[in-house]
Amino acid sequence: MPAIQQVAALKHALDAAALRHSLLAANLANLHTPGYARRDLDFERALHDLSVDPKEALAQGGAPSLQKEMSGLMSTDSFYAVCSKALSMRYQMMHTALKER
């Protein structure tokens, strides 16, 4: 995969992770709100097709739970950190390649 496509894929993944983090944080904030329906992001669907806006992969239903939301936040945080590091490394490689020209 060309460098530009890798950067675009990583940006898409970071955007999806940021959106999921916001949704899970809102679930936590509304943990005790009567009638509140839990919202989340179908991560696999959001990441599968880069041409799809992550907002189109929203999932809703059920009541939020502390364990589910915290678990989701931790896994999303780890995913975001890995993607961020990969993007940083890709930029560093591109910078080095351009510098050596």
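1. Helices (H or I, at least four residues) and strands (E, at least two) are DSSP runs, numbered from the N terminus. By that assignment, G61 is found in the loop between β2 (58-60) and α3. From G61 to R90 the C-alpha distance is 38 Å, at a sequence separation of 29 residues.

2. The model under review is predicted: local features need pLDDT of at least 70, side-chain atom pairs count only at pLDDT 80 or more, and totals for chains, interfaces and linings use all residues. Residues are numbered from 1 along each chain as its sequence is written, and side-chain values use heavy atoms, with hydrogens and water left out.

3. Helix α1 (residues 3-29) and helix α3 (residues 66-99) have axes that come within 9 Å and cross at roughly 155°. Axes here are lines fitted to C-alpha atoms, for helices over the stretch in contact, and angles run from 0 to 180 degrees between N-to-C directions. The crossing angle therefore makes α1 roughly antiparallel to α3 (under 35 degrees counts as roughly parallel, over 145 as roughly antiparallel, 65 to 115 as roughly perpendicular and the rest as oblique).

4. The crossing of α1 past α3 is left-handed, a term used if the near helix is turned anticlockwise from the far one by less than a right angle; clockwise is right-handed. Sorted by class, the contact of α1 with α3 has 20 nonpolar, seven polar and three charged residues. Ala, Val, Leu, Ile, Met, Phe, Trp, Tyr, Cys and Pro count as nonpolar, Asp, Glu, Lys and Arg as charged, and the others, Gly among them, as polar.

5. One aromatic pair is present in the structure. Rings of Phe, Tyr and Trp (its six-membered ring) pair if their centres lie within 6.5 Å; planes under 30 degrees apart count as stacked, over 60 as edge-to-face and the rest as tilted. The ring centres of F43 and F79 are 4.9 Å apart and the planes stand at 65°, so the pair is edge-to-face. Distant parts of the chain are linked by this pair, since F43 belongs to helix α2 (residues 43-48) and F79 to helix α3, 36 residues apart.

6. R20 lies over the face of F43, 5.5 Å from the ring centre; a charge sits over a ring if NZ of Lys or CZ of Arg is within 6 Å of the ring centre and within 35 degrees of the ring normal.

7. Further residues on the two long-range partners may be noted. L23 lies in helix α1 and is buried, at 4% relative accessibility; its C-alpha atom is 6.0 Å from that of R39, 16 residues away in sequence. In helix α3, Y80 is partly exposed at 37%, and its C-alpha atom is separated by 9.6 Å from that of L10, 70 residues apart along the chain.

8. V82 is also found in helix α3 and is exposed, with a relative accessible area of 56%. Between V82 and L47, 35 residues apart along the chain, the C-alpha separation is 15 Å.

Technical notes: Buried means under 20% relative accessible area, exposed over 50%, partly exposed in between (1.4 Å probe, protein chains only).
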